[in-house]
Amino acid sequence: MDLPSSLKKHFGYDEFRPLQEEIVSDALAGRDVFALMPTGGGKSLCFQLPALLRDGLTIVISPLISLMKDQVDALQTSGIAATFLNSALDRHEAVERLRGLNRGQYRMLYLAPERLMLDGFLERALNWNITQIAIDEAHCISEWGHDFRPEYRELKKLRRHLPDVPIMALTATATKRVRKDIVDQLHLDNARCYVASFNRPNLTYRVVPKSSPYEQVLTFIRSRPNESGIVYCASRKTADSLATKLNDDGVKAKPYHAGLQAKERTKHQELFLRDDARVITATIAFGMGINKPNVRFVVHHDLPKNIESYYQETGRAGRDGLPSECELLFSASDVVKQRRFIEEKSEREQRIAREQLRDMIHYAETRDCRRATLLKYFGEEFPASCNGCDNCLEPRETFDGTVPAQKFLSCIQRVRQKSGFSFGLNHIVDVLNGADTEPIRQRGHDQLSTYGIGQDLKRGAWLAIGRELLRLGLVTAAPGRFATLELTEAGWAALRERKQITLTKPYEVQEKKRSKRRTGEIECDEALFEKLRTLRRKLADERDVPAYIIFSDVALREMARAYPTTTAEFGRIPGVGQQKLRDFAEPFTTAIAEYLAKRSRQSAKAIEA
């Protein structure tokens, strides 16, 4: 079977992304597959293309009802027979679709897991010639995953009900432990496992100290006037107030969280998908599942509770491969808030949550390459510099921190000698600052030689030094609630031998300049790109679908670079399959020809300049 020509015919692409062709081939051969691919890596195509190349029905299980219509609209626009069944349909619509399924009208059916596992539904489905089941967001089946959903557990019964139907499990975020759990739970006994790189080269990662959060968010958004994005918040109240303030300041924004009525949430998401709202302010506790490819930025107003959540949320930016930005506002008070949330959990959950939070703080405070730090968490090695994060683009200044480090290490040791056991970071900093607290007086720590020797630095600076010594491996923190500090062997050696220790200067709060050339950038005629965006919006409104379902920004930028004015030239644009060629060649080539009648083509040199 000629897979590349099928890819071009149905989806308009000349070549597969990494691992897609191998996964499609395995699916067509009837094998079980586990695929871990980053957001924007082309997971959906791995089950959509096989569904088109064989008879029968592919059932796609998705946890997000709000996304099903979006995916089905996109497939239908490409001329593919797909449908969905969910609670958003009235009884008449649902009955019509079930009739169509009984008649074999569809190649693909999107369902939520609880509907598929309803009593009687699977029995009815046995008449539909099911040839594949694809389970999207498969990490939801694992208790070790960051987004565990009990209804996904029922899917482990699929193997018993449909023993001969191959299963494809897909996710964008899973550590090794979660991957194993997914394969075990779904009984994918002889599955081919594919793990793509977690790297998203088109994303730029930055962490800035949180000082005046609303002003920082507003300045960031205003400096990107035509771009849409998501701002993640730790609470519903913050999401609501942020949206209100942004609207008052002329930025079209809508909140999105579990406290809103389902109808209102759907409306807000629809406005965002259709570019009628430029910004969505969302709680990190409520998964958005936004399938919008042209999200150009993701801002974290508050600290996420773990790296998996952070990676998945930032992954909603730049799904189309064009340059996009991820900015995290970080403050010590956010750490305190997260620790309070953790204290409300069970003892077992607390231990996992504290470990995850420490990893998140480490990411926020590291002076190393942020991309390398993120990828290392998922078990992937990356060179030391990425040229796509703040630490690589504008390395923070360092200084000879031997003296303050010696004071800190020495204080840990003196406190332990005096009391016979260790203390946490806050207590060590209080001793160094000469604080007059009851725990210090009670234990006689105001009599130590290290008491008050750190009054030259503020409390916040000492806390940062303590955390950096933890990251450097000179100090270790015990697991558990109190996280008491002890010197490691390297810390002992540094203390005894007075080794030089380099520390990082505190952040400067400033809006970072964008680098001139960014990964994934497609230089084009910007005036033509804007004209084509207007045309795309008009065609989308006529069809009552989001603009990106007509064409992605990538396709429009390629048009604004290649200036296609004939049907043949238009067919060579990435993303133009047979159906879209028939439907859209005429309006787009006409618009480009009209544009060229008034203006000349920009030369490649002018575009690159």
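L158 touches I61, L116, M117, L122, I133, I135, P163 and I167, leaving aside residues up to four places away in sequence (contact means heavy atoms within 4.5 Å). This is a predicted model, where local features need pLDDT of at least 70, side-chain atom pairs count only at pLDDT 80 or more, and totals for chains, interfaces and linings use all residues. Residues are numbered from 1 along each chain as its sequence is written, and side-chain values use heavy atoms, with hydrogens and water left out.

**Nonpolar core**
- L158 is also among the residues with the most contacts inside the largest nonpolar core, along with L116, I133, I135 and L155.
- That core has 107 residues; a nonpolar core is a set of buried Ala, Val, Leu, Ile, Met, Phe, Trp, Tyr and Cys residues joined through side-chain atoms within 4.5 Å, and buried means under 20% relative accessible area (1.4 Å probe, protein chains only).

**Helices** (DSSP runs of H or I, at least four residues; strands are E, at least two)
- Helix α11 (residues 213-222) buries Y214, Q216, V217, L218, F220 and I221.
- Their cover includes the strands β8 (203-209), β9 (228-233), β11 (279-283), β12 (295-300) and β13 (324-330), plus helix α12 (236-248).
- In α23 (residues 489-497), the buried residues are G491, A493, A494 and L495, and what covers them includes α19 (402-419) and β16 (485-487).

Note on methods:
Buried < 20%, exposed > 50% of the residue type's maximum accessible area, 1.4 Å probe, protein only.
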